[in-house]
Amino acid sequence: MDVIQLRGARVMARVGVPEEERAVAQELVVDVDLDWDIRAAAAADDFELTLDYAAVRAVVERVAGARAYRLIETIGGVAAAVLAEFGTPRVRVLVKKPAALRAVGVEYPAVEIERRRDG
């Protein structure tokens with residue numbers, strides 16, 4: 001299976017355990033991997049036979065901005081939304097929160113979620 005990758009999608013989200021942190025949107029960086037057979041699209045050089053990368057990114061932004069979240073784990077629900085909307089057999093989502101632990105020397109905490117159509 002081939003993999004389509006979106007790297008470094010920057011989205012704003014209200015996320016954090018303390019209520020004060022959720023009051024203001026902060027940047028998250030999201031990577032998405034989607035299993036997709038690209039042979040037909042590549043052979044025909046046809047956009048209609050592949051995934052619309054911008055539409056996938058729009059799902060990431062929509063889920064991230066939908067409401068306030070306590071956990072980046074919950075924003076990982078992007079995976080289920082992508083499965084539902086695009087019919088890809090597998091999706092992997094990595095959600096990074098760059099500002100969270102910078103003060104203690106951590107580049108970013110992250111959560112990686114993988115979901116498959118078959119459960």
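This is a predicted model: local features need pLDDT of at least 70, side-chain atom pairs count only at pLDDT 80 or more; totals for chains, interfaces and linings use all residues.
Visitor: Let's take one of them. Where is Val-106 found?

Guide: Look at the loop between strand S3 (90-96) and strand S4 (110-116).

Visitor: And why is Val-106 called partly exposed?

Guide: Its relative accessibility is 31%. Buried means under 20% and exposed means over 50%, so at 31% Val-106 counts as partly exposed.

Visitor: How much of the chain counts as buried, then?

Guide: Of its 119 residues, 39% do.

Visitor: Which residues touch the most other members of the largest nonpolar core?

Guide: That core has 30 residues, and the ones touching the most other members are Leu-28, Val-32, Leu-34, Ile-75, Val-82, Val-91 and Val-93. At least two core residues each come from strand S1 (3-13), strand S2 (26-35), helix H3 (53-65), helix H4 (72-75), helix H5 (78-86), S3 and S4.

Visitor: Which element gives the most to this core?

Guide: H5, with 6 residues.

Visitor: Which residues of H5 are buried, and what do they pack against?

Guide: Val-78, Ala-79, Ala-81, Val-82, Leu-83 and Phe-86 are the buried ones. They pack against S2, H3, H4, S3 and S4. Just after H5 comes Gly-87, which takes a positive phi of about 70°.

Visitor: What makes residues three or four places apart in an α-helix point the same way?

Guide: An α-helix has 3.6 residues a turn, so residues at that spacing end up pointing the same way.

Visitor: Back to Ile-75: what is it in contact with, leaving aside its neighbours within four places in sequence?

Guide: Ile-75 is in contact with Ala-13, Val-15, Leu-28, Val-63, Ala-64, Tyr-69 and Val-95. Contact here means heavy atoms within 4.5 Å.

Visitor: How many of the chain's contacts with a separation of 6 or more link residues 24 or more positions apart?

Guide: Such pairs account for 61% of them.

Visitor: Finally, what is the overall layout?

Guide: There are 5 helices and 4 strands, running β-α-β-α-α-α-α-β-β from the N terminus on. The C-alpha trace spans about 50 × 25 × 25 Å along its principal axes.

Note on methods:
Residues are numbered from 1 along each chain as its sequence is written. Side-chain values use heavy atoms; hydrogens and water are left out. Buried means under 20% relative accessible area, exposed over 50%, partly exposed in between (1.4 Å probe, protein chains only). A nonpolar core is a set of buried Ala, Val, Leu, Ile, Met, Phe, Trp, Tyr and Cys residues joined through side-chain atoms within 4.5 Å.
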